[in-house]
Amino acid sequence: MLRSRFLWQLVGALGAILLVSTLVFGSLATTQIQTDARNTIRESLRTQAAILRQLLLPSLLQEVPISREALEQTTGGANNRITLIDAKGLVLADNREAPEAMDNHLTRPEVVQAMATGFGSSERYSHTVNQNLFYVALRVDGDEGKVLGFVRVAVPLESVERQLAALRNQILLSGTIIAAIFLVVGFLLARQFTIPITRMTEGASRISRGDYDFRLPEGRSDEIGQLAVALNELARGTQERIKALTSSRNQLAAILSGLTEGVIAVDLDQTILHINDSARAMLHLSQREIVNRQLGDVVRVEEIVQAVDTCLAELITTNSTVKVDAKTLDVSVVLLRNQDWTSAAGAIVVLQDITEMLRLEQVRSDFVANASHELKTPISAIRGFVETILDDANMPEEVLQRFIKRIRSQSARLDQIVKDLIHLSRFDTHAREMSVSQIDLAFLIRKVHADKSEDAIDAGVMLELDIIDKEVEVAGEQEALYQMLSNLVDNAIKYTQADGVVRVRLRTLSRMAVIEVEDTGIGIAEDEQQRIFERFYRVDRARSREQGGTGLGLSIVKHIAQSHRGSVMVTSQVNKGSVFTVRLPLSS
Ligand code: ADP
């Protein structure tokens, strides 16, 4: 509090005023008192002189010197110095000095004045008595205005001056005491004002430093109270605005970080203002400090930096496709406008990972090409047979029969492909709502086993069941799950040579139903193992076709497993056999 400059300014100003006023008042009062004292002395000496004039008139008329004793006698032993001077300035009598030793007094100022006006006074050092004296002289007039002489009375100024000095000291002392009292009171009063002002200043600076929770004490009804209310309002308003800004900024940041698209905002100098998590991931930017760095220093993909250059230089939106490692990114760079939308403030880079989209597009077009090809083969064959039959009216009966059988087998194949395609589209993960029920997997597997046992016998393969856990229920579609198991068992029988074994096993493992279809067949090479789930993919096209395969069976299995929130995988060794494992979540 005592460090308040304002307080010391107030106290300083007050002190200066008090000092000046004490000095002015003291000197005025002293001067006035001095003047009054002199007037009083002058008047009293004048009265004395008037009395003495009466007493000494006879001596003047006689114009003879009077001895000191005679004068003492006449004046009754007065304290003051009394001098009687004749009209020519000759000292006739003096109660302090012998008249003969004294020079002519006609030139003394008081005498000169008295000669002119009848009365004179003066203040000076007397060499006769060696003192500062205050003199008055009164002219003594005789008959017909004749000047007879002068009565002069003098008093030493020493005592008067002593009294005046004492008075001056008293004035000075009391002035100082009063000034000190005023100063203390003034200090206390000033503090009364400066304490709240200092508090206000501290509060305002805390608020300006960002401490918006701080509130100044309110309650005073004066201007200081109003100032506190206004400052509190300011803090409250700022706090609310900052809260609103922060929340909208956080919202924006959350939206940006939630986007699957990568977003980078840069200013006109290509300094990064914002980068979201997706953009970091797409561009493999793991370092933490990216904001406020140059785009070119951080992003090493030349095409992106160039696209930003072009956008900012030509003020246009650019679109391009960029390869970053194995990924393909669609890069759009749009201008970032300033607030009033009049000029560019920077650019926003929007990155979209289109790798998966491109892959799906490829899969789709491959599928269409494959499907057309697969359908075209039996159709061409049928057409060829039919045309041959039509062209050759004399075709021998046995050849005709063989052709007709080939037409039948090709149309059966066509039928199988179309059925599989229909299945595939039905079991496509997102294609439709499933009609779900509780499925007893042990029961379903037994049914598949029973239905496929004849095929197994035909192929000379042993089809075995191994139901480890009996009560295994999953939520799903009976028809779809049957189709899935049937496809796996079909494949196992198809790709296993005679005397081989196919085993279907059911068990549970950590809240999952696990179905394994294991065979001792031809096996699948490592690099083929993931591809066999693709549509129309076959390891050995001719063999598959010979076996009546369409290349769609495993992709149907994959779709069904996935649509039941499960998975399928394969482990296999060429010429040893394969194990297809399907995992489905148990119904709780
Ligand atoms: P396909 O109709 O040709 O059997 P799938 O989609 O069912 O079509 O299987 C794709 C390919 O995976 C098959 O062509 C075959 O090469 C291979 N395959 C599937 N199951 C087995 C298995 N149990 N043993 C060996 N290879 C298999």
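Predicted model: local features only at pLDDT ≥ 70, side-chain atom pairs only at ≥ 80, totals over all residues.
Select N491 next. One of its polar side-chain atoms lies 2.8 Å from an oxygen atom of the ligand. Then proceed to D519, where a polar side-chain atom is found 2.9 Å from a nitrogen atom of the ligand. At G551, display the backbone: here a backbone N or O atom lies 2.9 Å from an oxygen atom of the ligand. How much of the ligand does the protein bury? Taken alone, the ligand exposes 520 Å², and the protein buries 98% of that.

The tour now turns to aromatic rings. A pair of such rings is described by the distance of the centres and the angle of the planes. Across the whole structure, a search finds four aromatic pairs. Select W8 and F187, which form a tilted pair with 5.7 Å from centre to centre and 35 degrees between the planes. This pair links distant parts of the chain: W8 belongs to helix α1 (residues 5-62), F187 belongs to helix α4 (residues 157-208), and the two are 179 residues apart. Is W8 buried, partly exposed or exposed? W8 is partly exposed, because its relative accessible area is 43%, a value between the limits of 20% for buried and 50% for exposed.

R124 lies over the face of Y135, at 4.1 Å from the ring centre. At R535, the charged end sits over the ring of F367, 4.9 Å from the centre of that ring.

Conventions:
Residues numbered from 1 in each chain as written. Heavy atoms only, no water. Phe/Tyr/Trp six-rings, centres within 6.5 Å; stacked < 30°, edge-to-face > 60°. Helix = DSSP H or I, 4+ residues; strand = E, 2+ residues; numbered from the N terminus. Buried < 20%, exposed > 50% of the residue type's maximum accessible area, 1.4 Å probe, protein only. Lys NZ or Arg CZ within 6 Å of the ring centre and 35° of its normal. Polar contact = N/O pair within 3.5 Å; in protein donor to acceptor, adjacent residues only side chain to side chain. Areas by Shrake-Rupley, 256 points an atom, 1.4 Å probe, with all protein chains shown as cover.
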